[in-house]
Amino acid sequence: MTQNIENNIKKRTIYFDDVYFSEGFSVVGPKELKGKLGDHFDFALINDKYDQKTFEKAERKMFETAIDGVMAKSKVLPIEVDAILGGDLLDQIVSTSFSARKSSASFFGMYTACATYAQSLIMGAALIHGYYNNVICISGSHFSSAERQYRYPLELGVLRSPMTQWTCTGVGATLLTKNAHTPNTPKITAATPGRVIDYDIKDVNNMGAAMAPAACDTLKQFFSDTGKSPQDFDLILTGDLGKLGKEILLDLSKQEGFDLTDNLADCGASLYFTKQKTFQGGSGAACSAIVVNSIILDNLRSGQMRNLLLVGTGALMSQLTAYQGDGIPAVAHLVEITSSVKDAGREPLEKYYQPKKEEIKMKNEKNAKNNNSKNNNVKNKVNNSKSDSKNEMKNKKENKDK
Amino acid sequence: MELLWSFGKAFIVGGAICMIGQIIIDITHLTNGRILVIFLIAGAILQAFNLYQPLIDWAGAGASVPISGFGSALVTGAVEAAKAEGVVGAFTGGLKATATGITTAVVFGYLVAIIFKPRTKPI
Amino acid sequence: MKSDKKKTSEIGKVEKALNLKPEESLEVFSKEKQEEFASTQEKYKDVAQKFQHIDKSNYKEYVFHKSPKSSHFKNMFWAFLVGGLICVLGQAFVELFLYLGMPKPDAFVLASSVLVALAAIFTGFGIYDLLGRFAGAGSTVPITGFSNAIVAPALEFRCEGMIYGLGAKMFLVAGPVIVNGVAISVVIALITLLFTGGGG
């Protein structure tokens, strides 16, 4: 199956042929819509209860919407989906499993907290590499349901510590396929499953610090396995380390002998504005899923980005372990996604990062056109399958401008 | 004027107690429940040495409204009942003295839970 | 030092390349505030240089130095103000009940109950948790915080039913307060009884 594992038992990176990252669909809550990436998501809720009685039911419905949306967008029939892999933050990953009951596909429940998305991508890619044709990888979380399970009831007046992160409301679904349906479909080429690292951080408010060593360990493993360096990638995207976790990872990686400063970004830290008072940024199983399935996928398709490393990070604690005084073990799974656009990728760094004004304008127009057609397609499909008049498809701001 | 001074005393003492709580939170990152318990026990122990009641007499609501006042009320009730009724009083007195507060909280908690719905924190 | 500065600006470039909207709040800041922000950032940046090698043994210490600290003075100010105002409100009720001719102990008990009821209603309207977000201990330590701690879980777990939801979870946060309070009051009363009863 893999070339390297047979030779050297210490190598943990696995390689995939022909695993295509076909389509992605992102559902987000109102707060994420108002955040930095607000223009890029496929579907946004106006109220985060999604017309359901409880937040848990709303989360479930978001999962259903995402599964339907990704199938509609990629024109894959429900019966063609071989398996659904995914998880969420609620106990016994109920949201994912309940939403999968409407589907005829096999179901695999995944849980590594916030690394769930990366884990399901790895497992999905492995299944496609071996057996299946179409696999949906899904992961999501809901602020209100997670908050009440992990922290306090919503109405309890507490002062939030400046180290806390904000659990994202959202669901991201990805369709992995064996055959590319459209040209320019990105590929999943390699993955490094992480191991559990415990640096004995006990502050449940400071997840970024607990997860950064795990991310560093997995990245180090990947670079030593493949012989690549951070400079070979356009972007190294961590899941939900937050602003502090990102800084810590930079320090740790410098110490380990590789420098990420040029191309490290964090999904959680890039979701919200500072004025939204999320302090360290977003977290949660949804965090990496919604970012990858919206803006990153667009970038890979258009060839603006040649390749990226997604490092999903998960803090594997529960309330029980926190009360019993245990540390927070963490795991990080790494997935390498490569664009298959010809001569994709950045031109010399400076040019890529500072496009001229005309280029930006052209790019925006192009994006707007693409989004327009994409949006309308999905809108119709989703509206057909779901008769929600209240939670309407949001229009991209760019369209309004034009 | 005396009324104003009583408000002033309540403000200073109540504010100071809350500020001590905030300092403890900032230094130790304790959770809400722990802070409440710490202040309650502090009030109870102070009252055991008969130190908290003078504060209430001086500052009024400034000392009785913080949760330490609740703790001192529990102890006052239990000790007084114990002196009057013996061992049985020690067991009944505390809750009897604070029953109004607890019952109000429970009843209003019940009503509010029926009437209102929880909402997400605003954006 | 110079190279460091250059690199931090390049982190921003990655985010720019992703078409992220610019950080709005930073633009609104005045120049002094921006400088202040930059200086605090610098302060945390240099932490790593103080450590020879970060590993499991000194990671906690490193994280402690690296973490942003909340502004103690601001927190204390708000806690003092809000806590003090809640107590003044309590005092106002005490004076009112005294004016109505109630005995002093009853006035105190009733004033606390009124505050408890008010806090419950404010919790229902979703106002109390907003207060708690900036007042911290100022809204937690007064008896209103106790009421909030009872009402919030009751409200939250209502959807699991009246018995296992509301009934069981009502004392999720405030339960320890009552349990510990009752326990310690009984212990103190028994000890007092032992000494005074034994002596007299």
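## A walk through chains A, B and C

Let's start with one helix, α6 of chain A, whose buried residues are A:Phe143, A:Ser144, A:Ser145, A:Ala146 and A:Arg148. Buried here is a matter of counting: a residue qualifies if 20 or more other C-beta atoms lie within 10 Å of its own, 12 or fewer make it exposed, and anything in between is partly exposed, with C-beta atoms placed from the backbone. Those buried residues of α6(A) pack against α3 (55–74), β6 (134–141) and β7 (166–167) of chain A, and also against α9 of chain C. Helices (H or I, at least four residues) and strands (E, at least two) are DSSP runs, numbered from the N terminus.

Before going further, a word on what you're looking at. This is a predicted model, in which local features need pLDDT of at least 70 and side-chain atom pairs count only at pLDDT 80 or more, while totals for chains, interfaces and linings use all residues. Residues are numbered from 1 along each chain as its sequence is written, and chains are lettered from A and ligands numbered from 1 in the order in which they are written.

Now for chain A as a whole. Its secondary structure comes to 13 helices and 14 strands, and 56% of its 402 residues are buried. Take the contacts (C-beta atoms, placed from the backbone, within 7 Å) between chain A residues at least 6 apart in sequence: 80% of them join residues at least 24 apart. The mean pLDDT (the predictor's confidence in each residue, from 0 to 100) of chain A is 82, with 83% of its residues at 70 or more. Over residues 1–8 of chain A the pLDDT is below 50, and this stretch has 7 contacts in the model beyond near neighbours in sequence. Residues 377–402 of chain A also have pLDDT below 50, with 38 contacts beyond near neighbours in sequence.

A:Ile93, in the loop between β4 (83–88) and α4 (94–99) of chain A, has a phi near 30 degrees, a positive value in a residue other than glycine. Buried or partly exposed, which is A:Ile93? A:Ile93 counts as partly exposed because it has 18 C-beta neighbours inside 10 Å. A:Ala113 sits in the loop between β5 (106–109) and α5 (116–130) of chain A, and its phi is near 50 degrees, again positive in a residue other than glycine. With 28 C-beta neighbours inside 10 Å, A:Ala113 counts as buried.

Chain A meets chain B through 14 residues of chain A and 8 residues of chain B. On the chain A side, α2 (30–33) and α6 (143–150) give two or more residues. That side divides into 6 nonpolar, 3 polar and 5 charged residues. Here Ala, Val, Leu, Ile, Met, Phe, Trp, Tyr, Cys and Pro count as nonpolar, Asp, Glu, Lys and Arg as charged, and the others, Gly among them, as polar.

Chain C has 11 helices and 0 strands, and 40% of its 200 residues are buried. The contact between chain C and chain B takes 65 residues from chain C and 63 residues from chain B. Among the elements of chain C that each supply at least two residues to its side are α5 (72–99), α6 (104–124) and α11 (175–199). The chain C side divides into 39 nonpolar, 22 polar and 4 charged residues.

Key. Two residues are in contact if their C-beta atoms, placed from the backbone, lie within 7 Å.
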